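Colleague: Hi! Could you walk me through this structure?
Modeller: Happy to, let's look together.

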Protein chains: 2
Amino acid sequence: MARRVISDLFGKAGLTVNGDGPGDPKIHDKRFYSRVLAQGSLGLGESYMDGWWDADPLDEFFTKLLRARLEQRLKPLKTLLPYLKAVFVNLQTPRKAHAVADVHYDLGSDFFVDMLGRRLIYTCGYWDGARDLNEAQENKCDLVCRKVGLKQGDTVLDLGCGWGGFAMFAAERYGASVTGVNISDSQVAYADKNRGDLPVRFVCEDWRKADGVYDHVVAIGLFEHVGYRNYRRCMEDVSERLNDDGLFLLHTVGRNTSTVAVDPWINRYVFPNGMLPSIKQIAHAAEGVFVVEDFHSLGPHYDRTLMAWHENFSMNWHKHREQFGERFRRMWSYYLLSCAGGFRARSIQLWQFVLSKRGVAQGYVAVR
Amino acid sequence: MARRVISDLFGKAGLTVNGDGPGDPKIHDKRFYSRVLAQGSLGLGESYMDGWWDADPLDEFFTKLLRARLEQRLKPLKTLLPYLKAVFVNLQTPRKAHAVADVHYDLGSDFFVDMLGRRLIYTCGYWDGARDLNEAQENKCDLVCRKVGLKQGDTVLDLGCGWGGFAMFAAERYGASVTGVNISDSQVAYADKNRGDLPVRFVCEDWRKADGVYDHVVAIGLFEHVGYRNYRRCMEDVSERLNDDGLFLLHTVGRNTSTVAVDPWINRYVFPNGMLPSIKQIAHAAEGVFVVEDFHSLGPHYDRTLMAWHENFSMNWHKHREQFGERFRRMWSYYLLSCAGGFRARSIQLWQFVLSKRGVAQGYVAVR
């Protein structure tokens, strides 16, 4: 029965079990069907990690699956639990927000250097005119600087600064003074070690603890960790940190529809307590605090970025195999390629918003 | 007392009663103060129509007033009534939606030709590279065509087509077949008379009655009349009218914050039952129906458009003076210049959204 249900669902997405088409799933263990039926997204991911199935290419499996908008039907009752948890518990309090640093960002910078490339930037690149990942990441940093109209000597608060890639770019290329804030000790230590003489500083603290007033605020890949209960608070805090004529650039992954739930597989293995906002949720949080000056949708750029990360990861895997093992390799591939498929299917999005406190007087002219 | 309260409020906006600065109000009748205090927006507008006060220039009076965000404090209890009416009554049923056609769009095409210029387009122009109003309106039409990627032979549904200006432009320049839908008999009759041999047709009916399936749907200046109770229905209807790979271009005036109320003065004299949406309301209505591909904020272009309309209106007033009279002239100036001030203060906005049903496969590349 489970086999028929799952095979039918796949069929509706144009996928044939044990077929020869691109993305067709090859099932190695018959328990696959009942596990997916019982556990939905979590069962699909964990059974992949356990080697119960494969698909070639895996990203195309997800593209087809998500393009068919079957994800609703794959949600068994079990996924109600994380949903209820999200409703009744603030998963992103300053204490709980640390979980993501522990599980993910502290894997070791060597591992990430090999995957992310030169500036160690762990967010979507901007591929227009870029020949490779390094250029796509510099393009993205440059796009952000141009969108806020960054000038020599401007001060910038970078919330969720990662390993300091954007902060150092903005200081190097635009002569800005940047304060980066981040909850991962190891990322902050790395950034601090590599900042040279640049006018940048890095502080290990929650975004709620930032102080000072800046010409601009950027949050590139922070909002995915903020949680819907804190979106409004985040907007208000940023407004307090921002000069009246400054701009706030919000760069975030988003969903087409509003939810307060997290994907249980992603939550367990990749981003504990992460949550993707919708435009409605962002607009609600910003209302009365900010004027929305610009919105730029860049999802397909994240597909390319994730595929480039996966290529780097695969190419360098021999260096990390011994430390992490085969189950980690499958987990990590599943993470990168399922996300790439999600962006390719336009099921998830990457947005850049430019927000102002009072409306730019003569109007904001968006750069691309 | 009323005088002190109102003068203080103006003072907070940098306006001096009977002063000599730009936009300073000159009060000709002392009853002005208590009337504004008692009736808020309605009293301000009606006392202007009655000649109780002036300001030079009037648009600058509104820019300063609205930039100071005083509008909240100017709302006395009386404005609660239209608010409650909006909450409990669907102001924009097909029957009631006709009121705006009766009061406004049926003023006579001669009057509007003199104000709006060659193509008789009654929405915000796009001024980049335009030398005058006619060019700004053609630029806007061209921008809309380019945003939906219009090709020779494409079919377009134009909801709220006015006097057919966009429809005829798209047919002339791009070879599209356009169906325009509008509830104003006189506008539809005018459009029909002027369509020549172009592949366009105009139908006098409510947007809810439109049928057929089109390559693209545009709504340029419709959503302001749809009403928040019908936003969702409007999105769903448009989705049904649209090919799976087509685009929906939504061009609308909007507010920075969500409301269900209408401005009582604008409601009584200019746009009965009109209502400005917020981004949150639009995102809520579109959620699960459309993917938001692009958002473009153009408010300052409407400031210039309204000032150009006001210049045309003033220049041609001698032709209409006898028919409409002085109170109408003051009412019309107040309408155009208060709106221009609203856009200049960034208190109201003009947005173009591009929406797709399933997400454009390789991503939507926004044109400007």
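Colleague: Leaving aside neighbours within four places in sequence, which residues is A:Trp53 in contact with?
Modeller: Among them are A:Phe32, A:Leu44, A:Phe61, A:Arg330 and A:Tyr334, where contact means heavy atoms within 4.5 Å. This is a predicted model, with pLDDT of at least 70 needed for local features and 80 or more for side-chain atom pairs, while totals for chains, interfaces and linings use all residues. Residues are numbered from 1 along each chain as written, chains are lettered from A and ligands numbered from 1 in written order, and side-chain values use heavy atoms, without hydrogens and water.

Colleague: How is chain A divided?
Modeller: Into domain 1 (2-75) and domain 2 (92-356); the bounds come from an automatic or database domain assignment.

Colleague: And how far apart are the C-alpha centres of those domains of chain A?
Modeller: They lie 30 Å apart. Between them, the two domains bury about 1,800 Å², 55% of it on carbon and sulfur atoms. Buried area is the accessible area (1.4 Å probe) that two parts lose on being put together, summed over both. In domain 1 of chain A, A:Leu42, A:Met49 and A:Asp59 lose the most area to domain 2, together 34% of what that side buries.

Colleague: How many salt bridges are there between the domains of chain A?
Modeller: Five, each a side-chain nitrogen of Lys or Arg within 4 Å of a carboxyl oxygen of Asp or Glu. Separately, A:Arg330 and A:Asp54 meet through their side chains in a salt bridge (3.1 Å, N to O).
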